[in-house]
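This report describes a predicted model. Please examine the sequence and the structure shown below before reading on.

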Amino acid sequence: MNQRIYLDYSATTPVKQEVLNEMLPYFTEKFGNPSSIHSFGREAKQAVDVARDRIAKAIGAKQEEIFFTGGGSEADNWAIKGIVYANKEKGNHIITTKIEHHAVLHTCEYLEKNGFEVTYLDVDQYGMIDIDQLKNAITDKTILITLMFANNEIGTIQPIKEIGALAKERKVYFHTDAVQAFGNVNINVNDLNIDMMSISAHKIYGPKGVGALYIRKGVKINALLHGGAQERRRRAGTENLPGIVGFGKAAELAMQNLDTHITHTASLRDRLVKGILDKVDFVKVNGHPIHRLPGNVNFAFEFIEGESLLLSLDMLGISGSSGSACTSGSLDPSHVLMAIGLTHEIAHGSLRLSIGDFTKEEDIDYVINELPKIVDRLRQMSPLYEKVKGGQK
Amino acid sequence: MYSEKVMDHFMNPRNVGEIENADGVGQVGNVKCGDIMKMYLKIEDDVIVDVKFKTFGCGSAIATSSIATEMIKGKTIQDALKLTNRAVVEALDGLPAQKVHCSVLAEQAVKSALFDYAQKRNIVLEGLEDFKPDEDHHDHEEEHE
């Protein structure tokens, strides 16, 4: 293997050098506990404040509305459980969708076993919710709408502004998992009427193990961890100081580079999609054609299975991901691909390639050159392909 | 995740293809679960003289099909019927636990093709008296490790 091409930026991103440079002193000479009153502590506390401010600015929030967590999944868990238990005298109904990240879906399923009721909204073939279905789902028992900003598998971006306006009008709390959207879409929590929002550092060229939950001032939510006074007594535990510093820097950079990032990733995305569609038959591009993340491509290749595609790509140094059952460790293919109406057969042949800041045009051209050969090799082995051979092809 | 042997059989599968006028053809698995194996046998004097396969599925599904064809080629029907999923796993230097069902499919694909052969000849093969070709062999819950 002479080169490695990383096309799994939706899974995680490398830490940018500028981010790492800011983090490093906080492991060694500036190692203080932000809760300590001495100079080491004050220095650390100040760094946390700077990071909090950078993140707040990135989403149009106030500093005191940003709460650091151990990542996106933790933020999702906190937002949902924290809201429903703090507001259970008002109702027990939650609205979400069928295509949420498991951090949201499994939390909702857990709450269903504990007396809460959950409505899982459908999505159309592009992965979009129907705003009327959402309107009709709201009852006087509804206390929370938790609906992802952009989907991690197929990249579809939901009509967040309309959802936020509706939630505000109906006086229901609105949480959005923006782990995939943050750094790829301009987000202002006030314009969009978002009450809570989960974000994560490692998706935006920051470190793993740190995220944040935005909580609008005045939102009634329970504390996540009890103990010390950190995070305004809502999330106890000594702060992940270097991680938080890195997250702050990554957020600042993401905002500075947002336009060039979008242009770069979207143009490579278009190049990849066109290149593959020109060379391969029986392939579908999943997700919304317009309302989508700039760097996300999700193909479904008929007659072949995703894991064998991934393995073959990996042998050439190309790293992607798939929603096939064989890569998820379960019997069924991805719940997202099933929700957009793909058959099992086609969903098993899905391949997600996600593009980022370090992706080069020649990387994409290499994939355009190699992927069709892999698809053809696997199809030649597939008993499902026999029927169509000599037909359209 | 996979042994070198599995990767070798996945990247360079043996005996891929079809046999025209095969003496026995078996297909197991289903699209829903994401793997289908089809096996073709050419049999002369109770000996499997040629075998080919086609598989839709993950890396281990392709590798187990490939090695299973190697393990039965040139064998008598009775020897081929003795092929177990465990032997397939061992020949591949092991499979991850969640992939052991692929070896079960490979064993069943061989049995299914031999069953088809027996049906065509109107004979009953020892060991296949109770074989049900249409049964769903793809049971992830009963993986034999």
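Of the 14 residues of helix α2(B), 12 are buried, so this helix is largely enclosed by the rest of the structure. A residue counts as buried here if 20 or more other C-beta atoms lie within 10 Å of its own. Among the buried residues of α2(B) are G59(B), I62(B), I67(B) and I72(B).

The length of α2(B) can also be checked. At 1.5 Å a residue, its 14 residues should span 20 Å, and the C-alpha atoms at its ends are 20 Å apart, so the two values agree. Just after α2(B), G74(B) adopts a positive phi of about 85 degrees.

In total, 21 residues of chain B are in contact with 20 residues of chain A.

| Element of chain B | Residue range |
|---|---|
| α1 | 4-11 |
| β2 | 35-44 |
| β3 | 47-56 |
| α2 | 59-72 |

The residues on this side of chain B comprise 10 nonpolar, seven polar and four charged.

Chain A contains 14 helices and 12 strands. Its radius of gyration is 22 Å, close to the 21 Å that the globule rule gives for 393 residues; chain A is therefore as compact as a globular protein of that length. Along its principal axes, the C-alpha trace of chain A spans about 75 × 55 × 35 Å. Of the 393 residues of chain A, 52% count as buried. Among the contacts in chain A between residues at least 6 apart in sequence, 72% join residues at least 24 apart.

Terms used. Residues are numbered from 1 along each chain as its sequence is written. Chains are lettered from A and ligands numbered from 1 in the order in which they are written. This is a predicted model: local features need pLDDT of at least 70, side-chain atom pairs count only at pLDDT 80 or more; totals for chains, interfaces and linings use all residues. Helices (H or I, at least four residues) and strands (E, at least two) are DSSP runs, numbered from the N terminus. The radius of gyration is taken over C-alpha atoms; the globule rule is 2.2 Å times the number of residues to the power 0.38. Two residues are in contact if their C-beta atoms, placed from the backbone, lie within 7 Å. Ala, Val, Leu, Ile, Met, Phe, Trp, Tyr, Cys and Pro count as nonpolar, Asp, Glu, Lys and Arg as charged, and the others, Gly among them, as polar. The expected span of a helix is 1.5 Å times one less than its number of residues.
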